[in-house]
Amino acid sequence: MTTSFGAASSVIPTDPKIRIQSYDGLRSSNSVALTRDLRVFPVPYSTRTSIPVKPQTETKRSKVEIIKEQSNFIRYPLNEELLTDAPNINESATQLIKFHGSYQQYNRDERGGRSYSFMLRTKNPCGKVSNKLYLTMDDLADQFGIGTLRLTTRQTFQLHGVLKKDLKTVMSSIIRSMGSTLGACGDLNRNVLAPAAPLVRKDYLFAQETAENIAALLTPQSGFYYDMWVDGEQFMTAEPPEVVKARNDNSHGTNFPDSPEPIYGTQFLPRKFKIAVTVPTDNSVDILTNDIGVVVVSDENGEPQGFNIYVGGGMGRTHRLETTFPRLGEPLGYVPKEDILHVVKAIVVTQRENGRRDDRKYSRMKYLVNLWGIEKFRSVVEQYYGRKFEPFRELPEWEFKSYLGWHEQGDGNLFCGLHVDSGRIAGKMKKTLRELPRYVDPLNVTAMACPAFPLCPLAITEAERGIPDILKRVRAVFEKVGLKYNESVVIRITGCPNGCARPYMAELGLVGDGPNSYQIWLGGTPNQTSLARTFMNKVKVQDLEKVFEPLLYYWKHKRLTKEESFGNFANRMGFEKLQELVDKWEGPVKATSRYNLRLFADKETYEAVDELAKLQNKTAHQLAIEVIRNFVAAQQNGKSE
């Protein structure tokens, strides 16, 4: 069988000073000797342009290159090996399953026979993980893994100890939770890094968006992943149009026309490929250790304008072999922001066409950059890019930023960075982190608000932006009148009377009726089966406690049973009586304590709590009780599940 690897020869440098190394990557059209135990599939997608290519001598290729070529785009023989009763898969399938995000492993602490299992690695551009996916991974670790999760240096999860018979169940569960392991391992682009800190700054947000777009651009397109694990069902979100445009653009000979893999072809890349995106000074992603480092460059107003590009970084080496080495990336140039996807693609194609495929120890792009030098590498990339690079922009010094502890997010909120020893989530930490996505104040669970300001033209006052503070104030009233943490009221807020957040079904509804002013509606029920009614008009936002306190106090003390909801209580009491209670309200009746419990065993503890309480306009006793109640409620919630 003769297999052709037609090169995009329209971009072969014509400058006589630029000579491609003797190993010519995919530039071979020679026959390939195949062993009989390999199944041969036709390769109809191997040519791209019909521009004449200088004849090349036969080039040795590694065993992995042959496996990829004959795999029918990373399917065979993995698809057959997964169906056998053996606990492991053969060598060819072991190479291919990497592209699906998994490695075959065995416990090296055990002596005697090998106990095979599989490690799965997710792909999470810029480290973003939904609550649903995290909880799915946590469950899978307990049900099918070794009971722990591993956070990696490239912002992904690793799940260890999955048996072969459980692989499809685990993979499909991840996919159906909107996660993916596609391309987390193997000879293609790996997870794209960006600072994970949720800072609300234009440059950080743009860096994260760019990382997600690069990840989408370089995601395999031939469907092998979904064919294998969810029987061909697609679970992909819509891609930005600029990603689709950049992937399909073949104006500079980068693509395999009509191929299921327009960028990767049948052979994918010579080795793994790593990309990171960041902003000036923030080196939380180790920018210089990547094949491509992308740095957002902004103007004096903080508006992103383009990117500085580094190339040629990488850490891998072989002991006692000095020709292998770690290498830092070096500046390639600057590009305007609208060109970033085309530039990344051009660099990837340069490596695809010229990276070594004969000896995998030297297949990373750092060796190509080191061999050619940055000037020659830039010249070749520019021909795939179709433009010249601009001069590299000056950058301030890099800093390592861990983001541990509490930090201002930039929008009035805070975020907290947690340290995880060696990235291993196990034991108490695993149990605690599992509760974080679920730990939501009961008031927040049923609360809703419309967008209102700043974008809704009908808004009269705040709703979405105001509800977090209002819910905190309601919680404070709960504490003041003695309501328990796990008791709740359905609260809904809209900025105008159109009712987009359905306040008229709430037990306590706030409807904007003027600047910083709300109508108060009462009488809806927790199961949303009855309408609320108008109780008061023109209540200023700063006066809400004057209404909330008497209503909630008398609900606690005058309800028929603990099960009587606030809405049913309001309807039973009648609005005339409730209005009388609000008008005469002078504060909660101070009951004589039936208990004589000391909360503070020593003066130092009391003084420390008192200082914290003053920051929240509370007494030390109120703050201590709040902390204890929250802790007990959290424990009870855990037991109930």
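1. Leu578 counts as buried because its relative accessibility is 1% (buried means under 20% relative accessible area, exposed over 50% and partly exposed in between, with a 1.4 Å probe and protein chains only). This is a predicted model, in which local features need pLDDT of at least 70 and side-chain atom pairs count only at pLDDT 80 or more, while totals for chains, interfaces and linings use all residues. Residues are numbered from 1 along each chain as its sequence is written, and side-chain values use heavy atoms, with hydrogens and water left out.

2. Leu578 sits in helix α17, residues 575-583 (helices, H or I of at least four residues, and strands, E of at least two, are DSSP runs numbered from the N terminus). Setting aside neighbours within four places in sequence, Leu578 contacts Leu522, Phe535, Leu551, Phe569, Ala570 and Met573 (contact means heavy atoms within 4.5 Å). Val547 is 31 residues from Leu578 along the chain, with 9.7 Å between their C-alpha atoms.

3. Elsewhere, there is a sheet to look at. It is open, has four strands in the order β5-β6-β7-β8, and its pairing is mixed (two strands pair if DSSP finds at least two bridges between them). At the edges are β5 (275-278) and β8 (330-336), each pairing on one side only.

4. Strand β7 (residues 304-311) runs antiparallel to β8, joined by six bridges. Here Val311 stands opposite Glu330 of β8.

5. Now the helices: α6 (residues 202-217) packs on the sheet, touching β5, β6 (292-298) and β7, and its direction makes about 160 degrees with that of β5 (axes are lines fitted to C-alpha atoms, for helices over the stretch in contact, with angles from 0 to 180 degrees between N-to-C directions). Helix α9 (residues 340-354) lies across β5, β6, β7 and β8, at about 10 degrees to β7.
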